[in-house]
2 protein chains.
Amino acid sequence: MAVGAATQPTTFGGDTIAFYGAHQAGVDTPPQAHAQFVALDLRPDAGRDELISILRLWTADAARLTAGRPALADTEPELAAAPARLTVTVGFGPSLFDRIGLAEARPPSVRDLPSFTIDRLEPQWSGGDLLLHLGCDDPMTLAHASRVLLKNVRSMTTIRWTQRGFRTARGTADDGATMRNLMGSVDGTVNPAPGAEIDDLVWDAGAGQPWFAGGTTLVLRRIRMELDTWDELDTHGRNLSIGRRQDTGAPLTGQDEHDQPDFGATKNGITVIPENAHIARAHHRTAREQFLRRAYNYDDPPAPGAVSDAGLIFTAYQRDIDEQFLPVQQRLAEADALNEWTTPVGSAVFAIPPGVREGGYIGEQLVGGAR
Amino acid sequence: MAVGAATQPTTFGGDTIAFYGAHQAGVDTPPQAHAQFVALDLRPDAGRDELISILRLWTADAARLTAGRPALADTEPELAAAPARLTVTVGFGPSLFDRIGLAEARPPSVRDLPSFTIDRLEPQWSGGDLLLHLGCDDPMTLAHASRVLLKNVRSMTTIRWTQRGFRTARGTADDGATMRNLMGSVDGTVNPAPGAEIDDLVWDAGAGQPWFAGGTTLVLRRIRMELDTWDELDTHGRNLSIGRRQDTGAPLTGQDEHDQPDFGATKNGITVIPENAHIARAHHRTAREQFLRRAYNYDDPPAPGAVSDAGLIFTAYQRDIDEQFLPVQQRLAEADALNEWTTPVGSAVFAIPPGVREGGYIGEQLVGGAR
């Protein structure tokens with residue numbers, strides 16, 4: 001059995017994403033093929049001092065690993081050799097601010113989301129004091145980095161949940177193509193452009209909490225896809241539920257994926273994009289309702305009797321969850337046609353602190369001050 | 001946060017591995033980055049007719065999907081567009097032969113392995129009537145193909161276990177480099193060469209069971225790595241346990257990974273490669289003890305209180321398990337230094353039927369005869 005016309009791919013294992021900067025990497029970074037989100041809780045006897053130790057350890061190791069260098073005292077330095085665009089991003093859950101006696105420094109919108117009637121949230125996928133988010137084009141490098149970062153803080157933390165996700169492998173399709181989810185749909189077509197739009201919509205300016213300037217907020221929702229019933233829907237029904245054609249990703253009123261949908265367009269007196277189509281509910285109705293989507297697919301071993309356990313690790317980054325994400329989420333919860341085939345089973349919110357300067361550590365703007 | 005000197009990789013999404021041939025693909029095929037092994041059981045009311053239906057469905061869909069074409073009635077044809085070296089390989093567990101009334105056609109060495117004192121086998125990772133093994137360089141294509149193949153047979157089967165594994169992403173390192181496992185070691189250095197060695201060691205010649213000519217047997221062992229204690233071992237201790245240097249993969253008596261180890265070499269009267277080093281126990285002592293290793297790493301969400309749940313999906317392909325695999329496994333179980341840091345938690349054995357000609361279906365040599 002010989003290999004077909006196999007192509008020796010250009011090696012991209014050496015590609016790096018800068019760790020230091022005004023913002024943490026892993027937010028407006030082009031999404032890597034693999035991601036891991038780990039929520040941790042501080043152990044009951046850990047407080048601000050232990051948190052600072054954790055953040056210093058993570059910073060030192062992440063700075064090295066993302067550059068393709070082994071962590072300090074790395075027991076498998078060979079597994080650190082190909083950074084493959086590794087990023088390490090840290091977040092602070094709402095509960096963390098209370099735990100370390102800095103409740104007044106919590107950005108106001110960083111709190112548990114309100115309950116939605118569509119929610120079937122499971123504790124095993126929700127909440128957390130800390131988030132450790134890794135992205136990488138190579139699953140080996142990611143697995144190694146993850147273990148290094150987690151084992152070094154195990155005396156001060158417990159792992160609350162772990163979610164692993166993927167997109168198309170790097171090198172399988174052109175860089176920059178919109179990903180597809182496991183329903184077959186393009187996912188994340190409408191996103192703010194790098195530069196001014198991201199600056200305005202994603203990065204906090206420090207007006208409310210000066211320490212948070214350059215940070216952002218993250219809503220992470222684990223959304224199970226009910227693929228067994230989705231399969232029963234024909235192409236036409238799928239397209240009407242989404243408001244886009246599954247094949248091209250174009251809105252039902254357009255030709256190309258990035259054509260602006262025309263929500264007022266009618267045909268024979270009927271709205272071409274139904275009012276409860278996913279994109280009709282999800283599309284921003286004011287400029288402020290925009291945010292950065294950066295989802296990953298998950299496909300885990302199925303429960304007994306099931307064929308699959310698949311869905312989306314949906315992530316939204318914005319300055320202010322209340323202003324930007326919540327109005328959209330409220331509209332979706334009320335009347336998104338897709339709700340019949342999607343079920344939110346996990347939810348978590350994190351403040352993503354600003355970036356790190358050389359010599360500093362992640363989150364020092366919050367926890368590094370005098371006490 | 002801008003991307004560093006990112007490289008647009010050569011697109012390898014279109015690479016294909018031929019589905020039809022004398023042997024099933026996915027055995028001596030160069031290992032893809034991602035693999036999934038699913039064990040299924042026939043439902044109690046299913047027998048030989050249902051098995052034939054399953055095998056016909058899988059053959060039709062696999063022939064299309066591995067060529068980058070959607071399956072028949074594919075509801076997400078967009079996810080089939082990049083085959084990325086997709087292979088689909090089917091196996092028959094020992095229990096299947098009884099279930100379909102063909103016990104006499106079972107290749108003699110296709111039976112549960114004997115118990116080893118090192119085993120801590122869990123039913124959730126062991127056994128199965130049927131194996132569906134997918135390999136692919138792209139996790140999206142793999143997830144789609146997996147769902148198509150599994151959902152089409154759900155009325156006749158139940159899923160017994162699912163194991164997902166990975167190696168280095170295609171494009172991260174040079175094709176053909178020996179993979180590393182999550183202990184940091186090169187894994188699979190000693191393997192028969194394509195061509196005559198594979199033909200002699202892996203593919204059945206049909207002397208015992210004529211239907212099995214061109215097939216092979218698979219031993220799949222899920223081996224948990226005790227990384228917390230492995231971490232406590234220094235480099236010297238690790239190298240002595242393996243018999244190779246972790247960094248270069250060279251045997252302790254050589255300079256390069258592929259140098260032949262010299263198990264008789266001594267220094268100051270002491271054997272350079274200890275007698276209980278992994279490679280000293282695993283190395284074939286007769287020509288017949290060779291087989292094809294094609295392992296994958298796994299790294300699953302950890303149990304409560306743990307930092308990781310990682311290990312190896314070890315696979316060995318050979319003509320005859322009793323002659324080739326078992327003597328080696330027996331030596332390892334008795335006195336492999338590595339046993340202190342590895343625990344077999346799953347075990348399964350499958351006959352991998354021969355390849356398919358166009359118009360035929362997988363396994364027809366066994367089940368397609370007159371009754």
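Reply: Axes here are lines fitted to C-alpha atoms, for helices over the stretch in contact, and angles run from 0 to 180 degrees between N-to-C directions. The model under discussion is predicted. In chain A, helix 1 (residues 48–65) and helix 3 (residues 139–151) have axes that come within 10 Å and cross at roughly 160 degrees. Since angles over 145 degrees count as roughly antiparallel, helix 1 of chain A is therefore roughly antiparallel to helix 3 of chain A. The crossing of helix 1 of chain A and helix 3 of chain A is right-handed.

The residues that form this contact can be named. From helix 1 of chain A come A:Trp58, A:Asp61, A:Ala62 and A:Leu65, which meet A:His144, A:Ala145, A:Val148 and A:Leu149 in helix 3 of chain A. Sorted by class, the contact of helix 1 with helix 3 of chain A comprises six nonpolar residues, one polar and one charged.

Chain B has a corresponding pair. Helix 1 (residues 48–65) and helix 3 (residues 139–151) of chain B pack at an angle of about 160 degrees, their axes lying 10 Å apart. These two helices of chain B are therefore roughly antiparallel to each other, and helix 1 of chain B passes helix 3 of chain B in a right-handed crossing. Here B:Trp58, B:Asp61, B:Ala62 and B:Leu65 of helix 1 meet B:His144, B:Ala145, B:Val148 and B:Leu149 of helix 3. By class, this contact in chain B has six nonpolar, one polar and one charged residues.

Over all chains, a search of the whole structure finds 44 salt bridges. One of them joins A:Asp137 to A:Arg170, with the closest N and O atoms 3.9 Å apart. A:Asp137 lies in the loop between strand 3 (130–136) and helix 3 of chain A, and A:Arg170 in the loop between strand 4 (157–166) and helix 4 (196–201) of chain A, so the pair ties together parts that are 33 residues apart in sequence.

The two chains also meet each other. In this interface, 74 residues of chain A are in contact with 74 residues of chain B. The area buried between chain A and chain B is about 6,100 Å², of which carbon and sulfur atoms give 55%. Across the interface of chain A and chain B there are 12 salt bridges. In a salt bridge between the side chains of A:Arg154 and B:Asp228, the N to O distance is 3.0 Å.

Terms used. Residues are numbered from 1 along each chain as its sequence is written. Chains are lettered from A and ligands numbered from 1 in the order in which they are written. This is a predicted model: local features need pLDDT of at least 70, side-chain atom pairs count only at pLDDT 80 or more; totals for chains, interfaces and linings use all residues. Side-chain values use heavy atoms; hydrogens and water are left out. Helices (H or I, at least four residues) and strands (E, at least two) are DSSP runs, numbered from the N terminus. Angles under 35 degrees count as roughly parallel, over 145 as roughly antiparallel, 65 to 115 as roughly perpendicular and the rest as oblique. A crossing is left-handed if the near helix is turned anticlockwise from the far one by less than a right angle, and right-handed if clockwise. Contact means heavy atoms within 4.5 Å. Ala, Val, Leu, Ile, Met, Phe, Trp, Tyr, Cys and Pro count as nonpolar, Asp, Glu, Lys and Arg as charged, and the others, Gly among them, as polar. Buried area is the accessible area (1.4 Å probe) that two parts lose on being put together, summed over both. A salt bridge is a side-chain nitrogen of Lys or Arg within 4 Å of a carboxyl oxygen of Asp or Glu.
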